[in-house]
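Me: Please take a close look at one part of this model, then connect it to other parts of the fold.

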Amino acid sequence: MAETALAQVMAELAELEDPKTREVNERHGDDHGVNLSKLRALAKRLKTQQELAGQLWKTDDTAARLLAILICRPKAFERDELDAMLREARTPKVHDWLVNYVVKKSPHSEELRLAWSADPDPVVASAGWALTTERVAKKPDGLDLTALLDVIEAEMKDAPARLQWAMNHCLAQIGIEHAEHRTRAIDIGERLEVLKDYPTPPGCTSPFAPIWINEMVRRQHAE
């Protein structure tokens, strides 16, 4: 039965494949052509199926892995399973969804945050920073924000792209959520100039930390 279900789902994913969608996704390093709204609709129909999720992950197909993330049971994974999955997550979207939809809901998230943040692989380290950003926003107690700013100040400018993006997000989040560190966070952003010239569509907020921090604080005060 399980093999039949996997074959049926893979066939359905193949039918959803769209060359134009793939072309757009491949510009961002994601090798799949499935519209994400249609993928979410398929996941909603399948509901939670942990065994099928495991089989979909093992296919190494990006669309199948994204679907696996949507139908899995995040708390069912062991720490080492999540570590292995992150290291296998070849594409940015799989990596991001795995961290945001699975690892953040896992009882192992704090242990993995600490381990990944210190990992020599910059893509793995970026996951650690993403989990740290989540804590900065939601559970800052116990975090040394001054020490985090020290690391960002020393390392963000020369960090590889994915790691730099994650560190920059953490910098912005510290500035947005913690008024006592806001001046320093903005100052670090202004001096390092990371993502200062990032092309930002009209109506969107720039990821350049000083602009991002000031805009989000302005919105908070306007509410």
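Where is aspartate 197 found?

Reply: Aspartate 197 is found in the loop between H12 and helix H13 (209-222); helices here are DSSP runs of H or I, at least four residues, numbered from the N terminus. The model is predicted: local features need pLDDT of at least 70, side-chain atom pairs count only at pLDDT 80 or more, and totals for chains, interfaces and linings use all residues. Residues are numbered from 1 along each chain as its sequence is written, and side-chain values use heavy atoms, without hydrogens or water.

Aspartate 197 has 73% relative accessibility, so it counts as exposed (over 50%; buried is under 20%, with a 1.4 Å probe and protein chains only). Valine 34 lies 163 residues from aspartate 197 in sequence, and their C-alpha atoms are 31 Å apart in space.

Now H12 itself. Helix H12 (182-192) is packed against by the buried residues of H10, as are helix H9 (122-138) and helix H11 (161-177). In H10 (residues 145-155), the buried residues are Leu145, Leu148, Leu149 and Ile152. They fall within an arc of 100° seen down the helix axis, so they line one face of H10. That arc is taken over directions from the axis to the C-beta atoms.

Another helix pair: H6 (residues 79-88) and H7 (residues 92-102) pack at about 155°, axes 9 Å apart. The two are therefore roughly antiparallel (over 145 degrees between N-to-C directions). Leu82, Met85 and Leu86 of H6 meet His95, Leu98, Val99 and Val102 of H7, contact being heavy atoms within 4.5 Å.

Notes. Axes are lines fitted to C-alpha atoms, for helices over the stretch in contact, and angles run from 0 to 180 degrees between N-to-C directions. Angles under 35 degrees count as roughly parallel, over 145 as roughly antiparallel, 65 to 115 as roughly perpendicular and the rest as oblique.
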